[in-house]
Amino acid sequence: MTTGDITPKKERKSRRSKRVVDEKAPLLPKQQDEAAGYDEFNGASFTGAVFNLSTTIVGAGIMALPATMKVLGLILGIAMIIFMAFLTDASIEFLLRFSRAGKSTSYGGLMGDAFGKYGRIFLQICVLVNNIGVLIVYMIIIGDVLSGTSSSGVHHSGVLEGWFGEHWWNGRTFVLLVTTLGIFSPLACFKRIDSLRFTSALSVALAVVFLVITVGIAIIKLISGTIMMPRLLPDVTDLTSFWKLFTVVPVLVTAYICHYNVHSIDNELEDSTQIKPVVRTALGLCSSVYIMISFFGFLLFGDGTLDDVLANFDTDLGIPYSSLLNDAVRVSYVAHLMLVFPIVFYPLRLNMDGLLFPSARPLVLSNTRFACITVGLITVIFLGANFIPSIWDAFQFTGATAAVCLGFIFPAAVTLRDHHFIATKKDKILALFMVVLAVFSNAIAIYSDAYALFKKNSGARA
């Protein structure tokens, strides 16, 4: 059985030694001839690539999905999750097809090929805004869960505070400092995204732990007869309830955003033809997790499901060992976010380098530049999460805009631009639909966030 040892080796070798087409685009080269002493890398495996892409997809957004079922009902809600998975697959296929046509090896290179220098810069700014915002929110959530939070004069105890009482060492700032120095910083120092495959696998496993606990609790309460039949269809009684259906669109549209990592994962794959199966496997895995979390989360809490279902696990679940299960859910979720952090940080650093040093040699070849950008970004994220309390409100606006641009508007724009004349009529119709959906979603998200902020401020003044 020597079929795998004849031509594939040749293909893999050429794949590993491919050179950067656009040096101004932020990307990590698979191997550079001048990288003396850089360890030999034979390419990423299919499984590692699937876990890395899945971890990019499943971030904090998983906690908002059960609340979408409360608005849409189970049938329409699950149908929308599946539909968005297919739409995301189509948008990533646009990215890959036009990247191959233009020989671009990064998202920035693709935007530069289609729209020139300013297209590339706009893409990099969107990645910076989206990923910095996401990582600050992750750090805020980690601080809230471990050290507690206070809102409207009410203090919600954190896990560490509940276990050990209130001490200086389980205060928010100290806990986040230890997390940053002990977990985030070491994981952020890897120069290849494939090096994060094991932490990504663990991150997906922790999301599954949360799912298993939720399913278990729901089944126990179902057997005991304490769960009502969940609503299957939306409850539309007037114009207000009809417009409320659209408020969940932004959650669903941004649920699968992973486009900024696709090229990095593709560049490191041992066999570049596997990228489409990698994308579809990751989307299938994440869709399954999303559907089960949404179904059993809504089944468990019904109309009492909160916008962030994690908050539902801060109360008595009405079963034995309720407190222990609550802590298990919260700790597994926090650990999951800690391991998602380096995967989201990776493209952030590459795009920051591409924005600041567009003509410099690849980041992987400059340890000084790599270290300075890494330290600078982690410091900004840490300070933002600890000392700018209103930053979450700001990123609710900018994050929604940047995310839909990365996920749908940019891939659709590249397709409509059709710089290489390879788009079909069907492609352009689908691209136009993506743009309309993304703009509509963003408008709703901005209106909803502005209304909520105005209402909160009005309530505070009253």
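**View 1. Ser287 sits in helix H12.** This is a predicted model. Ser287 has a relative accessible area of 9%. Buried means under 20%, so Ser287 counts as buried. Which residues does Ser287 touch, leaving out those up to four places away in sequence? They are Ile81, Ala85 and Tyr256.

**View 2. Tyr256 meets residues from several stretches of the sequence.** Residues up to four places away are again left out of the list.

**View 3. The largest nonpolar core has 126 residues.** Which residues have the most contacts inside this core? They are Tyr256, Tyr290 and Phe345. Helix H5 gives the most to the core, with 19 residues.

**View 4. Helix H5 crosses helix H11.** H5 covers residues 107-147, and H11 covers residues 259-268. Their axes come within 11 Å. The crossing angle is roughly 115 degrees. Which residues meet here? From H5 come Tyr107, Val127, Asn130 and Asn131. From H11 come His259, Tyr260 and His263. By class, the contact has three nonpolar and four polar residues. No charged residue takes part.

**View 5. The second largest pocket holds about 180 Å³ of space.** Its lining has 13 residues. Those closest to the pocket centre are Met228, Leu299, Phe301, Gly302 and Asp303. Which helix gives the largest share of the lining? Helix H12, residues 275-301, does, with four residues. H12 is also the helix that holds Ser287. How does the lining of this pocket divide by class? Eight residues are nonpolar, two are polar and three are charged.

**View 6. The whole chain gives the setting for the close-ups.** The protein chain has 462 residues. Of these, 52% count as buried. Ser287 is one of the buried residues. The secondary structure comes to 16 helices and two strands. Among the helices are H5 and H11, as well as H12. How much of the contact total joins residues 24 or more positions apart? Such pairs account for 81% of the contacts with a separation of 6 or more.

Definitions and conventions
Residues numbered from 1 in each chain as written. Predicted model: local features only at pLDDT ≥ 70, side-chain atom pairs only at ≥ 80, totals over all residues. Heavy atoms only, no water. 1 Å grid on protein atoms, 1.4 Å probe; cavity = no way out; pocket = protein on both sides within 12 Å on 5 of 7 lines; lining within 4 Å. Points joined across faces, edges and corners; volume = space filled by probe spheres on them. Nonpolar A, V, L, I, M, F, W, Y, C, P; charged D, E, K, R; others polar. Axes fitted to C-alpha atoms, helices over the stretch in contact; angles between N-to-C directions. Contact = heavy atoms within 4.5 Å. Buried < 20%, exposed > 50% of the residue type's maximum accessible area, 1.4 Å probe, protein only. Core = buried A, V, L, I, M, F, W, Y, C linked by side-chain atoms within 4.5 Å.
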